[in-house]
Amino acid sequence: MEPSVFEDTFARDNLPPEHEWPEFLPAKPPLHYSRRLNAAAAFLDANVARGFGERPAIVTPARRLSYAELLAEANRVAGVLRDDLRLQTGSRVLLHGSNDATTAACWFGILKAGCIAVTTMPLLRAKELTDVISQARVCAALADARLAPELSTAAARCPELAQIVWFGETGPTDSLERRAQSRPAAFDNADTAADDVALIAFTSGTTGKPKATMHFHRDVLAICDAFPPAHLHTTPDDVFCGTPPLGFTFGLGALLLFPLRAGACAVLLESAPPDVLLDAIARYGATICSTSPTAYRAMTPLASSHDLRSLRTCVSAGEALPAATRLTWETATGTRIVDGIGATEMLHIFISASGDGVRPGATGKPVPGYVAAVLDEDGRALPPGSAGRLAVKGPTGCRYLADERQRQYVQNGWNVTGDAYLMDEDGYYWYQARTDDMIVSSGYNIAGPEVEDALLVHEAVEECAVVGAPDDERGTIVKAFVVLRDGFARDAATVRTLQDHAKTAIAPYKYPRAIEFVDALPRTETGKLQRFKLRAGNAPGGRP
Ligand code: 3UK
């Protein structure tokens with residue numbers, strides 16, 4: 001490793017030992033970076049230096065910041081951290097805000113000051129914030145004043161968190177805005193090493209203690225120079241928008257880092273339910289939209305009443321994109337979806353497909369710079385056509401902060417994501433299920449998402465989730481939780497209709513022997529189905 005500039009060595013000290021790291025593939029241009037690198041400079045200083053100062057960097061319903069303005073704002077935040085709060089380089093700074101311009105400026109300011117950004121989602125509760133603060137040994141926080149109740153409760157339990165600076169209109173007089181005003185618009189960026197930690201991101205973990213993943217300055221650039229050039233063909237005229245929070249690395253990359261790396265414009269929306277997102281696409285002339293499969297399903301019936309002519313490409317990630325969801329969206333809007341699997345451990349997307357390379361139902365092929373394999377239980381590569389454990393390596397990879405689970409995720413240099421996948425003869429990767437979501441019923445292996453895809457094409461089905469449920473006779477049966485569209489009855493006749501439909505759409509042994517109608521499906525804040533809650537029988541609004 002390159003000598004670190006960090007005065008506070010907590011992050012480097014708590015990296016896993018190097019023999020537990022994944023293999024990092026030799027960086028090829030454009031993924032080769034100099035040994036000293038402050039990633040924030042590549043997004044802000046570099047764009048201003050190349051004459052983009054007056055171009056729009058961030059647009060929100062309330063504000064519009066040019067690259068020069070965003071650079072000045074980030075520099076002032078960096079000044080507050082270094083000269084006002086007197087933070088050492090290497091200090092972990094909690095960033096707790098929604099998708100807005102201040103949160104974005106703070107993110108860059110933290111990196112510029114040589115501190116480590118611990119970005120969190122606004123909906124986290126005191127308990128979750130307490131875990132994050134204590135695990136990452138957070139020293140200071142920059143937080144939206146509207147989120148004060150939960151964060152203050154957490155802070156009271158965390159002596160290591162010595163300073164909180166609030167931002168937003170309702171903030172107190174020593175708000176971040178006030179402090180920043182008295183700092184200069186220029187800042188001498190910390191001379192970080194390319195392999196100094198820039199970011200600690202927590203997994204949205206559906207079960208167990210959240211895992212803190214660490215990412216270096218070079219990783220922050222590597223994700224921008226891998227997936228977007230290969231599949232988005234970004235230009236400075238692009239306008240990005242979407243829903244994932246900046247506290248989720250899907251959102252950080254797709255809504256902030258990808259646009260700014262390209263000198264393009266990031267539209268940030270605090271919350272974007274389907275009609276708001278569709279409005280925003282029309283209003284800001286968005287060209288690239290990133291959100292979840294669920295959101296595409298919800299937006300499809302509304303699409304025709306919005307002007308979406310500016311839209312060029314859509315990105316779907318977080319969960320598998322069913323072929324039916326892709327088809328109905330593409331038919332309704334004339335815009336193609338780029339599906340991509342990413343993970344917090346990998347920082348962003350590593351398998352994807354776009355344009356004529358898309359095979360509906362498959363995720364795609366490894367993004368240039370990454371390689372993938374499907375492994376058996378003993379870590380041997382399986383031949384095409386067999387389902388097994390997905391393994392990847394590339395310029396980014398998993399380094400948990402002091403966590404035993406490092407040895408589960410990284411095996412023989414591979415990042416093992418916990419997904420069951422199949423590779424076909426042409427090298428396309430097909431998602432099956434989370435490894436622990438595979439259903440074994442009467443000796444058959446059944447992937448819940450395949451049954452979900454089959455049900456989703458039926459007109460009565462709005463959303464559904466399929467899990468294994470205990471059964472006296474068969475051990476485990478396939479059970480579907482279904483949210484019906486308006487106008488369909490929650491009765492035995494509908495159950496039978498859906499079962500008959502499934503039997504014709506997929507091999508009959510996979511049909512859901514049990515169907516329960518529910519009002520909604522349990523999801524994480526990042527939009528993922530919480531199948532474990534359904535297995536435990538905790539569906540919201542369930543009616544037997
Ligand atoms: C699942 C997918 C099928 C898969 C993420 C893009 O989701 C992200 O990160 P998380 O750590 O979850 C990782 C897990 O989510 N998954 C994500 N995308 C897909 N499954 N098809 C997909 N397209 O189980 C994976 O292991 O929350 C996504 C960018 C950054 C991210 N952090």
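Biologist: Which helix holds Lys112?
Modeller: This is a predicted model: local features need pLDDT of at least 70, side-chain atom pairs count only at pLDDT 80 or more, and totals for chains, interfaces and linings use all residues. Residues are numbered from 1 along each chain as its sequence is written, and side-chain values use heavy atoms, with hydrogens and water left out. Helices (H or I, at least four residues) and strands (E, at least two) are DSSP runs, numbered from the N terminus. Residues 101-112 form the helix that holds Lys112, namely α5.

Biologist: Is Lys112 buried or exposed?
Modeller: Buried means under 20% relative accessible area, exposed over 50%, and partly exposed in between (1.4 Å probe, protein chains only). Lys112 has a relative accessible area of 0%, so this residue is buried.

Biologist: Which side chains make polar contacts with the side chain of Lys112?
Modeller: A polar contact is a pair of N or O atoms within 3.5 Å; within protein, one must be able to donate a hydrogen and the other to accept it, and residues adjacent in sequence count only if both atoms are side-chain atoms. Another is 3.0 Å, to Asn189.

Biologist: Which residues come nearest to the ligand?
Modeller: A residue is near a molecule or strand if one of its heavy atoms lies within 4 Å of it. There are 23 residues around the ligand. Those that come nearest are Asp339, Gly340, Thr344, Asp419 and Lys528.

Biologist: How much of the ligand's area does the protein bury?
Modeller: A polar side-chain atom of Thr344 is 2.6 Å from a ligand oxygen, and a side-chain N or O atom of Asp419 is 2.4 Å from a ligand oxygen. Accessible areas come from the Shrake-Rupley method with a 1.4 Å probe; for residues, only the protein chains shown count as cover. Alone, the ligand exposes 610 Å², and the protein buries 96%.

Biologist: Which element gives the most residues to the ligand's shell?
Modeller: Ala, Val, Leu, Ile, Met, Phe, Trp, Tyr, Cys and Pro count as nonpolar, Asp, Glu, Lys and Arg as charged, and the others, Gly among them, as polar. The shell divides into ten nonpolar, eight polar and five charged residues. Four of the shell residues come from the element that gives the most, β13.

Biologist: Is Glu425 buried or exposed?
Modeller: Glu425 lies in the loop between β19 and β20. Its relative accessibility is 70%, so Glu425 counts as exposed.

Biologist: What angle lies between the ring planes of Tyr400 and Tyr409?
Modeller: Rings of Phe, Tyr and Trp (its six-membered ring) pair if their centres lie within 6.5 Å; planes under 30 degrees apart count as stacked, over 60 as edge-to-face and the rest as tilted. The structure holds twelve aromatic pairs. Tyr400 and Tyr409 form an edge-to-face pair, with 6.0 Å between centres and a plane angle of 75°.

Biologist: Which ring lies under Lys393?
Modeller: A charge sits over a ring if NZ of Lys or CZ of Arg is within 6 Å of the ring centre and within 35 degrees of the ring normal. Arg50 has its charged end over the ring of Phe52, 4.0 Å from the centre. Lys393 lies 4.2 Å from the ring centre, over the face of Trp414.

Biologist: What is the phi of Ala402?
Modeller: Most residues other than glycine have a negative phi. Ala402 lies in the loop between β17 (387-393) and α15 (406-409). Its phi is positive although it is not a glycine: about 35°.
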